[in-house]
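Morning, everyone. I have one model to show today. Please take a look before I start.

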Amino acid sequence: MPVVRWGLLLSLLVPAGAAIAAPPVPAVPQIDTARSQFGFEIRTRFGQKVEGLFPRFEAWTIQLPDGRHQVRLRMFAQYVEIPDKPRYTGWMRGEDFFDVARYPLVEFESEPYWPQLIQHGGDVKGQLTIRGISRQETLRLAKPECARPGYDCDLVSRGTILRGRYGMDNWQMALSDRVTFILRTRLVGAPQP
């Protein structure tokens with residue numbers, strides 16, 4: 001049986017110094033982190049809503065060979081803040097909550113989903129990692145309010161977790177165990193017609 005030497009065959013077919021072009025990959029809309037906002041809400045036991053922000057985060061959307069998409073989010077917990085409440089901000093960054101000295105990142109990696117989800121809304125399941133603990137969680141993408149979601153209006157996703165499952169179980173007498181993450185997304189690239 002003959003052995004095919006692909007490197008030799010390729011060198012005979014392609015002139016020296018010529019670049020081999022990869023097949024074109026369709027552009028995938030990306031999350032515009034400059035115009036998007038990632039925050040969270042937690043309620044006190046007295047019903048007061050405390051709102052926080054991750055002012056620094058990264059996001060990538062990739063297209064899989066079967067056409068489905070997958071999103072990866074990385075929030076820099078050391079910058080988490082409760083606007084205009086420095087004491088609360090200190091608590092959120094401290095070891096009782098995000099413990100940013102030991103766990104500087106909060107990460108979410110979605111399971112593959114069909115891109116049509118952006119047009120209709122629905123659930124995006126994935127792996128959330130907080131304080132080194134990973135759990136399966138769900139973000140619910142709301143039905144968009146415009147014809148070009150992500151471009152002409154925000155894509156709004158919400159997901160509620162129990163903080164105790166991630167080792168953030170202090171302050172139970174003062175704060176609810178439920179934390180709702182809210183992602184208001186704007187997209188760049190590959191605009192929909």
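First, the ground rules. This is a predicted model, where local features need pLDDT of at least 70, side-chain atom pairs count only at pLDDT 80 or more, and totals for chains, interfaces and linings use all residues. Residues are numbered from 1 along each chain as its sequence is written, and side-chain values use heavy atoms, without hydrogens or water.

The chain, then. It has three helices and 11 strands. Those are DSSP runs, numbered from the N terminus: H or I of at least four residues for helices, E of at least two for strands. Along the sequence, the pattern reads α-β-β-β-β-β-α-β-α-β-β-β-β-β.

How much of the chain is buried? Of the 193 residues, 37% are, with buried meaning under 20% relative accessible area, 1.4 Å probe, protein chains only.

Nine strands make an open, antiparallel sheet, ordered 3-2-10-9-8-7-6-5-4. Pairing takes at least two DSSP bridges between two strands. Strand 3 (49–53) and strand 4 (57–63) each have a single partner strand, so one side of each lacks a neighbour in the sheet. Neighbouring strands are turned by 25 degrees on average, direction ignored. The axes are lines fitted to C-alpha atoms, with angles from 0 to 180 degrees between N-to-C directions.

Last, one pair. Strand 9 (residues 155–162) runs antiparallel to strand 10 (residues 175–185), joined by eight bridges. Which residue of strand 10 is the bridge partner of Arg-158? That is Ile-182.

Terms used
Buried < 20%, exposed > 50% of the residue type's maximum accessible area, 1.4 Å probe, protein only.
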